[in-house]
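Open the model in your viewer and keep the selection tool at hand. Each stop below names something to select and says what is there.

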Amino acid sequence: MDLEGFFDQVCSTPQHKWWIPVPRSIQEILIALSLSVPSSRAVPKPSAPYIQRLGRRLMLCEDNDSCIFELPKRSLDELQNSALRLISLGLEVIYLEQAKCPLAADPPSGFDGIFLFTKNAKLLPSLPAPRVAFFQSRTPRRIRPYCDWLQAFIYALNVSLKVSPTYVSSSGTLGYDIITTWFMDYLRKNPKSGSIPPFIMVHSKPLPLNFDKPDGEVPPFVEVSCSLGPASCHRWQFPACRDFIVAAISSHIVAIKLRSGGILSRLLTFQPEIASKPKAFWIGSIKSVVNSIRKDMVHQVSTPESSNVFWDVPSDWKSRTTFEANRPVVPPKQVKLVERQVDWFRYLYHYTRGSMGPMNGQTSIEYVKKLISMDPLAGNEAIDVLINIAREGRLRASQGMQEKPIVRGGIQVVCWTSVPPVNIHLLKRWNKALIRWTVEPYGIAVLKTVLKKLGTKPVCYLPPEAFNRLSEFDKYRFQKHKHPGSTWKHEREWRIPSDVQISSLKQDEAFWFVDKLDDALKFTTFVSTRFPIYVLEHNKFLFV
C-alpha cells in the first residue's frame, strides 16, 4: 500500500469516542490541587505523576469523599474559586483510557489512563474521527531545503490534506513545528472561513492559562497537557511525555524519519497501545525501525497483514517540486571566468556566514515557512545569506546576534574588516558553543575610499575604562582590548553606524566574493547584479 492508500484507510476510520468525560467534582479537585503552591519547603509541591495517581483513585472510589483524606494536609478552599473560574472559562479535564502515565508508578490494578487538562474540550465531538500524528526525530542543526526527509514530510502533508483528518501535534522539534506552523498559517489565510480546522495541540509544558482573546474569540483548536500550573515534572521529562501523549491521542501515525534506537523508534514499536496503531513509515526510516526492534519482531513489522505501511516519495513529485522551487528569479545569463589583478588593500570586506536555523532577524515561524515552501534559500547557508543581502540591496546595521550586542550600549553598526578573503585564515576561528566558524569566505568588498565618505571608521581597541572617555559620536568604534581574554586586533575591524546602500554603489566600486564556482552560479541564478563575483577556488572573476 502506498501513502495515498494509507490515507484512504485513515478516512474510513469509524467514529468512536476516544476520551472519557471526568465528573465535575473530580475536575475541581485535580485543577485546584494542580494550582496549589506549597506553604513551606517542608511540604513538596504536587507533581504531575501524583495528580495522575490521585485522579485514578478518585475515579475508582464509589464515594469520592472517601478519597479526600489521602490528599496532602492543605486547604483546598482557597483554591476552589480559582478552579471554578478556570472551568467557567473553558478549562476541563478529560480522561484518555488507552494510555498510562509512564511516570505515575504502581497504578491500581486494571486501571490505566491519562488525565489531560484541556482548553476548548467542547470542540472535541466536532473534530474528524481520524487523528493523524507526524513523527520525526531531531535533525542536524543545518537543514538543507531538498534533504530527503523534508521532501517526504511535505509530500505526506500534501497527501493528508486530501482527507482532512484531525492533526495532533506539538512544538519544540522541527517535525512538530512544521505541522503547527502550517496550521497557524491556515488560520491566518482563512480567518473567517466558518469551519473549524481539525487540530489538537499537545503542549510540551504545563497548559498555559491565557484565556483572554480579543472580542471573546475562541481559538478553533483544542489544547491539552498532562500538567497544569506549578504541578509539573522536571523539564527533561517533558519531551518524552509530549511524544507519548501525541502518539496516544492519535489513531494513525506517519513516521517521517526515526533515529535508530531513539525515543521515538522505541515508542512507536514497543509501547503496546501505540505499536498496534496503523502506521505509515517513510521508506528512508525502515532501517531505523528494524534496528530499533528485536529480531524476532521484524516479521511483525514487514508482513502485509500488519497495519504498517512503507512508502516513498514519487520521483515525479520530487522532480516537479524541485523544478518549481529552483525556478530562477532572473533568467541565468552567459557567464565567463576572467583573471584580473586585485589590489586587496584598497578595499574593506563584509563577511557573511551561514546560520544553524533562523537567520539574525528571522523568526522561527518565518524559517519553518520557508522550509515548508521548499524555498531553495531556506537552508540559510552563507551563500543564501549573501543572496538575500544582494536582493535587498543593502547591509542592515545590527546590534548583534543572540542578544549579545556588538558594541557596548547596543549601537547598531555594519562591521567591516581590512583582511581580504585570500587571507581569511587570519580571521577564521572555530566557535565551539555555536558549532560553526566565526567567518566564511562569502561577502562583499567595497572600496575603502567610498566607505570612508559614508562614515566608516576603524575600531578603537581600548581597555574597558577608556569607553567613557570617547565622545558620543565615536563610542560605536569602541572594542574592548585586554589581555589575555579579550584580544581582537587580528580582526582589523571598521564600523559604520548606519545601513549601507549597496544598490547605490557604482559598478567599479565593489565586488562580491564566494568560495566555489557552484556558489557563484547559484548567486547569478537568483540575483541580477552589475558587480563582478570573485571565485576563490579559481582566483578569478565571474562576470555576468
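**Whole chain**

Start with everything selected. This is a predicted model. The protein holds 16 helices and 27 strands. Of its 544 residues, 50% count as buried. The accessible surface is about 27200 Å², and carbon and sulfur atoms account for 53% of that. How far apart in sequence are the residues that touch? Among contacts between residues at least 6 apart, 73% join residues at least 24 apart.

**The 10-stranded sheet**

Next, colour the strands of the open sheet in the order β1-β2-β3-β7-β6-β5-β4-β8-β9-β10. There are 10 strands, and the pairing is mixed. Which strands sit at the edges? They are β1 (20-21) and β10 (308-311), each of which pairs on one side only.

Select residues 166-169, which form β5. T166 and V168 point one way, while Y167 and S169 point the other way.

V132 has Y167 as its bridge partner in β5. Then show β6 (residues 199-202), again parallel to β5 and joined by three bridges. Here Y167 stands opposite F199. Finish this stop with helix α5 (residues 148-160): together with β4 and β5, α5 makes a right-handed β-α-β unit.

**The nonpolar cores**

Move to the largest nonpolar core, a set of 51 residues. Which members touch the most others? They are W416, F511, W512 and F523. Helix α14 (residues 382-392) gives the most to this core, with seven residues.

Centre on F511 and show its surroundings. Leaving aside neighbours within four places in sequence, F511 contacts a set of residues including V342, W344, Y347 and Y349. G443, I444 and A445 are also among the contacts of F511, as are F531, P532, Y534 and F541.

Another core, of 39 residues, lies apart from the largest one. Among its members are F134, C147, F183 and A378.

**Last stop: T456**

Select T456, in the loop between α15 (448-454) and β20 (457-458). Is T456 buried or exposed? It counts as buried because its relative accessible area is 3%, against a cut-off of under 20%. Not counting residues up to four places away in sequence, T456 touches L348, W416, L451, W494, R495 and I496. W416 is one of the core residues named above. Finally, draw a distance from T456 to V414: their C-alpha atoms are separated by 8.9 Å, with the two residues 42 apart along the chain.

Conventions
Residues numbered from 1 in each chain as written. Predicted model: local features only at pLDDT ≥ 70, side-chain atom pairs only at ≥ 80, totals over all residues. Heavy atoms only, no water. Buried < 20%, exposed > 50% of the residue type's maximum accessible area, 1.4 Å probe, protein only. Helix = DSSP H or I, 4+ residues; strand = E, 2+ residues; numbered from the N terminus. Pairing = 2+ DSSP bridges. Right-handed = clockwise from strand over helix to strand, strands pointing away. Contact = heavy atoms within 4.5 Å. Core = buried A, V, L, I, M, F, W, Y, C linked by side-chain atoms within 4.5 Å. Areas by Shrake-Rupley, 256 points an atom, 1.4 Å probe, with all protein chains shown as cover.
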